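I opened my notebook to look up salt bridges. Here is the structure I worked from.

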Amino acid sequence: MNWSEFFAMGGYGFYVWTSYAVAAVVLAFNVLLPLRRRKAVHKTLREFYRLKGERS
Amino acid sequence: MYKYASPRNFYHLAGRLLPWLTAATVMLLLAGLYLGLFVAPPDYQQGETVRIMFIHVPAAWMSMFVYVLMAGAGAVALVWNIKLAEVFAAACAPVGASFTVLALLTGSLWGKPMWGAWWVWDARLTSELILLFLYIGVMALQASIDDPRRAARAAAILALVGVVNIPIIHFSVEWWNTLHQPASVSKVGTPSIHASILIPLLTMAAAFKAYFFAVVLLRMRPAILEREKHTTWVAETVEESA
């Protein structure tokens, strides 16, 4: 198969590839944000239990 | 079944399900991309732009599916006071909003070469834009009220009122004259769409669905820990993961 023809998408390359790129970005963000949140929550909670332990 | 309605059991169940959902998402996405980009033929009218459909249509389906799930979970939370339903509804909102943004953006990128315009104020596009505003409203309510229970209730009421928009989106192409093409897959009887297009489309739709459940669990797990931080099991879980 011809790769330059494949990327040209019959002259619609810009629209097709931008669509797939936007999808990749949106899907990636929805994985990265919860992972960051997970890390942040674990950190906050460890701190929370440490302070609680010191007080009691 | 009841066993998993407890936050603790659900947290651990979600942890066990996540690797399987991730694997299913990756495999379905790879298969869908291969079928959609290499196997599916160009459309006789729309040429290669038809490949935008493999993103656009599953994203649009998910935008409505997630909304109905979110409103349903909101109703369950309102009626039976189930904490897990509140956490689920809260996790749905940003993911559903993302699918709505994706549907709108890819629709724009498809509309420009085919209709000659990035945007038209027609019934389908306008009702999908309203869906995005509903998601944003739900997220804003959840974020603006400190008490998680009251936040969940307010968001659930807005989500339930907004459900009226879902049939409007679905039937907009039949009720009004629009530029947007009518549904081809869900038409009663035989779908008016060839298998070479339908199979990649359904594969991508399955991939998006698996992806949705994976990222919702990913969002729910830390949210459960936060809501249950006064319990000993969360204290133990957090210490273990350190």
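Is B:Arg51 buried or exposed? I looked it up: B:Arg51 is buried, at 4% relative accessibility. (Buried means under 20% relative accessible area, exposed over 50%, partly exposed in between, with a 1.4 Å probe and protein chains only.)

Notes on the source. The model is predicted, so I kept in mind that local features need pLDDT of at least 70, side-chain atom pairs count only at pLDDT 80 or more, and totals for chains, interfaces and linings use all residues. Residues are numbered from 1 along each chain as its sequence is written, chains are lettered from A and ligands numbered from 1 in the order in which they are written, and side-chain values use heavy atoms, without hydrogens and water.

Entry: the search. I found seven salt bridges over all chains. (A salt bridge is a side-chain nitrogen of Lys or Arg within 4 Å of a carboxyl oxygen of Asp or Glu.)

Entry: chain B. B:Arg51 pairs with B:Glu48 in a salt bridge, 2.8 Å from N to O. B:Glu48 is buried too, at 18%. Next I checked B:Arg149, which bridges to B:Glu86 at 3.1 Å, N to O. B:Arg149 lies in helix α5 (residues 148–162) and B:Glu86 in helix α3 (residues 83–115), so the pair ties together parts 63 residues apart in sequence. (Helices are DSSP runs of H or I, at least four residues, numbered from the N terminus.) B:Arg149 is partly exposed at 29%, while B:Glu86 is buried at 4%.

Entry: chain A. Salt bridges with shared partners join A:Glu47, A:Arg50 and A:Glu54 into one network.

Key:
Helices (H or I, at least four residues) and strands (E, at least two) are DSSP runs, numbered from the N terminus.
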